[in-house]
Amino acid sequence: GTGNALLRNIIYNNTQLGIDLGNDGRTVNDPGDGDGPGPNGYLNFPEIQSAVDRSGTVTVYYRLDAPSGNYRVEFFSNPSGGDPTGGESEVYEGAHTIFGHPGGTLQYFASFPANAGDVITATATLMEGAMFGSTSEFADNVVAVQADFRVNSTGDAPDNDLRDGICDTGGPPVGGRPECTLRAAIQETDALTLADVITFDIPATDTGHAAGVWTISPNSPLPTVNDEVTIDATTQPGYVANPIIRVDGVSAGTASGFHLGIGSADSVLRGFMVTRFSDDAVVLTSGIGRMTVEGNWLGTDGSGAASNGVGDDGIDINAPDAVIRNNVINNAGDEGIDVLDTGATIVGNIIGLEPDGSSGAGNFDVGIALFADNTTIGGDTAAERNVISNNWEAIEVNSSNNVIQGNYIGTDATGALDRGNR
């Protein structure tokens, strides 16, 4: 028969399948779900790609390959371990309603309270108007994993299995953990949709380590970030106050260092050296904005060498309400900061000098170029003060309703020495 709905049932500790359509053992999903007629149309079960625990909330990422319609996908955990033949429902965890599935295979995700180590499964049930119709067999069991995107290698290999919740290039393990590169971490967190944090724990034995600095040298442009993520290099052991993770673009081809793109609203980029990229050090292009760039050295490694600069801007702001805080921006081939969207807050930066606040070759053109309204540069405290010196011009204003307050312009960081803009 068809139209048999099996909802919120507790099924476990049985010797056979919890749900067996046709009483003939496990029915493998078929592309397009065209294997009906038969019991419940042999509706395909959800294919769980991963289950990722973020502080006691597990997000299940899954695919559904089914005819067009509305579906209820129910999730269960199995503290007893689950049926090795393919799913049981010891504890009901929640449901995800899909309205307007267009047919074919689409990816979805749903979240509920659970923990890493829990054995997760699911069923899909067709919704027929206000009634429930056919239910699938159980999905394959998946064990929830703890979200952990710790970069432990200066290598550049990509992630080997997107959306599995694990940053893993498939290369040799590092300190007992899967190898995780910056490229792989960006790819995996982007694939997982929700807000995540990329941290760093690269051993001193890594080949990219020298004199207390770990250098990552991408062989092509890094992936554009299109999801909310905090990329925090200050988590690298040994960090005290200055960046010790360097991302160097000499081998990346035509590229910017970091690109926070569409979908990356509320992202944070913190604590890097970014040097020798052909284009910008950092690009912000999210339509919603609210990104923060803080505590970075852009175009410098602190040595004073102008050759560490980037080819275009230090930061290119094409997103609203950006916060640019406590960065050193020097040796850019064009502007230090190019402001092309509204509401930016620029505080506590050194623009045109080295981290010592005194030496440096400056940015080739304007320290800050304002082409958007409602920008705040500086403030009424020393912590908010920008030092904007040794550039071609300090600030070029081509917009309205901006506040420029409390900055040192044309001096060193003490305000006592002449470091005039040219």
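These questions and answers go through a predicted model and ask what stands behind each label.

The model is predicted, so local features need pLDDT of at least 70 and side-chain atom pairs count only at pLDDT 80 or more, while totals for chains, interfaces and linings use all residues. Residues are numbered from 1 along each chain as its sequence is written, and side-chain values use heavy atoms, with hydrogens and water left out.

Q: Why is the contact between aspartate 156 and arginine 183 called a salt bridge?
A: The term asks for a side-chain nitrogen of Lys or Arg within 4 Å of a carboxyl oxygen of Asp or Glu. Here the closest N and O atoms are 2.9 Å apart, so the pair meets the definition. Aspartate 156 sits in the loop between β10 (149–151) and α1 (182–191), and arginine 183 in helix α1, 27 residues apart. Helices (H or I, at least four residues) and strands (E, at least two) are DSSP runs, numbered from the N terminus.

Q: What makes aspartate 156 count as buried or exposed?
A: Buried means under 20% relative accessible area, exposed over 50%, and partly exposed in between (1.4 Å probe, protein chains only). Aspartate 156 has 16%, so this residue is buried.

Q: How do you know which class arginine 276 and aspartate 248 belong to, buried or partly exposed?
A: Arginine 276 has 34% relative accessibility, so it counts as partly exposed. Aspartate 248 has 2%, so it counts as buried. Their side chains meet in a salt bridge of 2.9 Å, N to O. Since arginine 276 lies in the loop between β18 (272–275) and β19 (282–284) and aspartate 248 in strand β15 (residues 245–248), the pair ties together parts 28 residues apart in sequence.

Q: What makes glutamate 294 and arginine 270 a salt bridge?
A: Their closest N and O atoms are 2.6 Å apart, so the distance falls within the 4 Å cut-off. Glutamate 294 lies in strand β20 (residues 292–294) and arginine 270 in strand β17 (residues 268–270), so the pair ties together parts 24 residues apart in sequence. Salt bridges that share partners join Asp232, Arg270, Glu294 and Arg325 into one network. A search of the whole structure finds 15 salt bridges.

Q: How do you know that β2 and β5 pair?
A: Two strands pair if DSSP finds at least two bridges between them. Strand β2 (residues 57–66) is joined to β5 by 10 bridges, and the two run antiparallel.

Q: What makes β2 mostly covered?
A: In β2, 8 of its 10 residues are buried.

Q: Which strand forms a hairpin with β2?
A: β1 does, with 2 residues between them, and serine 55 in the turn has a positive phi of about 55°. Strand β1 (residues 47–54) is joined to β2 by 7 bridges, and the two run antiparallel. The bridge partner of arginine 54 is threonine 57 in β2.
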